[in-house]
Amino acid sequence: MSQDLANEPADSVSVTISGGSMGGLFTGIALDSAGHDVTIAEQSTGTLRSRGGGIVAQQSIRQFLSRHDIVDPTNITTRASERRFLTANGDVRTSKADSMVFTSWDAVYRQLRAAFPDDRYHTGRTVTGIRATDGTVRFADGEQTTTELVVAADGGQSTAREQLFPDTEATFADYVAWRGVVPEADLSDTVIDAFDGRFTFYQGERMLILAYFIPGGDGSTAPGDRRLNWVWYDTLSGRERETVFTDTTGTNHQFSVSPGQLQDPVETRQRERATEILPPVFADLVATTATPFVQAIYDLQSPQMTVGRACLLGDAAFVARPHTAAGTAKAASDAVELKAALGRHSSLGGALASWDEARTDYGERLVAQGKRMGDERLSLGS
Ligand SMILES: Cc1cc2nc3c(=O)[nH]c(=O)nc-3n(C[C@H](O)[C@H](O)[C@H](O)COP(=O)(O)OP(=O)(O)OC[C@H]3O[C@@H](n4cnc5c(N)ncnc54)[C@H](O)[C@@H]3O)c2cc1C
C-alpha cells in the first residue's frame, strides 16, 4: 500500500464510478448514503434497456432496496413456494416446498436509477483509461477528472480490467443459455397453471431448462400483468459457436445475441429442438416466445479487485455462471461491503485492502461454485 493511501482518511472520499448499471448504481447509492462524494459515468446514452431477463431477488438485493429506502421489495418481486422438476412427458418428477423470490432486471434498475441524483449520473460518458496511482479517469471526449477513489463497475467486458489485468480473459463453457420472456397475456391457461407460484425445471440429457414468473414490463406483479421468464442451458449440439453468435446483420458477438437478432436457421433449429425434447409446457412456452435470445456461458476471474486507488466491482471483477443466480446480488454486496470497509477503517488504503481480500475470496468461491453446478447439470466432463 502506498504511503498516501495508508495516511489518507476513509471518510468523505471523492469517487468516480465507471458504469451506471446495477454495480455502478448500488455503489453510487451506498457510498452517497455514507457521505462520500460520488459521480457516475455511463457510456450508454439515455435509459439502459433490459436484456430481457429475470433475476433471482436474493436477500442482498432486497435488503439493499429496503435499507436504502428505495422501494419495498415486495412491490417489485414475485414469489414461488415450490421447486418442481418435470419428466419429459410433463409429469411431476419431484416437488418440494421452497421459497424463492424473483424480479426483473428492469424493475430493479428503474428503482436504483431513480434513487441516484441526475446531476451526478452522466450518460454518454465513456471511460477510456484509469490511472490507478492517482485516481485520474480519462473520457472518450478527451476530458479527465481526478478523484480519491475510482470504481470500475463497467461489466464483464470491462475496459478498466483490460487495462489493469490484460491477461485476464473469459473462459467459455461448452454450453450456452437460450432465454426468453413472454407476457402473461400471451400464455395459455395450461402454461400459466403449470408455472404459477413455482420454480419449475426440466433436466434432460446435457441440458436444463427452468422458468419462473417475473414482474411485467411496467413492474406490475399483479396476475395477468406478469411475464414468464425461461432459461434453457443447452450444449451447442454440434453447431459452431461462431454460427450461433452471428446475428441477422452478419456481426459476430462473443457474449450474446440480443432478442430479435438471432439468425433464422439458428432460431428455427432451437425451436425445433424445443418441440422434440422438452416437456409439452416448456415446448409451448418456447413456441410462444416472440424473440428468444442467446447468451454465452463463461467464467471470468480477476486476480484481485483493487490496484492503487482503482477498484473493480460486480461483473468487471468476476463473472460466475448464472446457476449461482448471484450476478446482481454480488454487485449489491460488493457495494455494501465497500461502504462498510470505508466506514470501518480509518485509512483509505486499509479499507481497500480489507475489501479486496474479502471480496476477491468471495468472487473466486462463486466462480468455482458456478463451474461445479454447470458441469454437473450439463453432465460435462463425465
Ligand atoms: C443494459 C443491460 C441489461 C441487462 N439485462 C439483464 C437481464 O435482463 N438479466 C440479467 O440477469 N442480467 C442483465 N444484465 C447484466 C447484469 O446487470 C449484470 O450481470 C449484474 O447485475 C452485474 O452488473 P454490473 O453493473 O457489474 O455489470 P453490467 O450490468 O454489465 O453493467 C456495466 C455497465 O458499464 C457500462 N460501461 C461499460 N464500459 C464502460 C466504459 N468504458 N465507460 C463507461 N461505462 C461503461 C455499460 O454500458 C453498463 O451499463 C444487464 C446489463 C445491462 C448493462
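Guide: Sorted by class, the shell around the ligand holds 16 polar, seven nonpolar and six charged residues. The model shown here is a predicted one, and the values that follow are computed from it.

The shell may be taken up residue by residue. There are 29 residues around the ligand, and those that come nearest are Ser21, Gly23, Glu42, Gly53 and Asp315. Serine 21 has a polar side-chain atom 2.6 Å from an oxygen atom of the ligand. Glycine 23 has a polar backbone atom at 2.7 Å from an oxygen atom of the ligand. With valine 127, the ligand atom concerned is a nitrogen, which lies 2.9 Å from a polar backbone atom of that residue. On its own, the ligand has 910 Å² of accessible area, and the protein covers 89% of it.

Elements of secondary structure also contribute to the shell. At least two of its residues come from each of α2 (22-33), β3 (54-56) and α10 (327-344).

Where the domains meet, 10 residues of domain 1 are in contact with 10 residues of domain 2. About 950 Å² of area is buried between domain 1 and domain 2, and carbon and sulfur atoms give 58% of that area.

Methods:
Residues numbered from 1 in each chain as written. Predicted model: local features only at pLDDT ≥ 70, side-chain atom pairs only at ≥ 80, totals over all residues. Heavy atoms only, no water. Near = heavy atom within 4 Å. Polar contact = N/O pair within 3.5 Å; in protein donor to acceptor, adjacent residues only side chain to side chain. Areas by Shrake-Rupley, 256 points an atom, 1.4 Å probe, with all protein chains shown as cover. Helix = DSSP H or I, 4+ residues; strand = E, 2+ residues; numbered from the N terminus. Nonpolar A, V, L, I, M, F, W, Y, C, P; charged D, E, K, R; others polar. Contact = heavy atoms within 4.5 Å. Buried area = accessible area lost by both parts, 1.4 Å probe.
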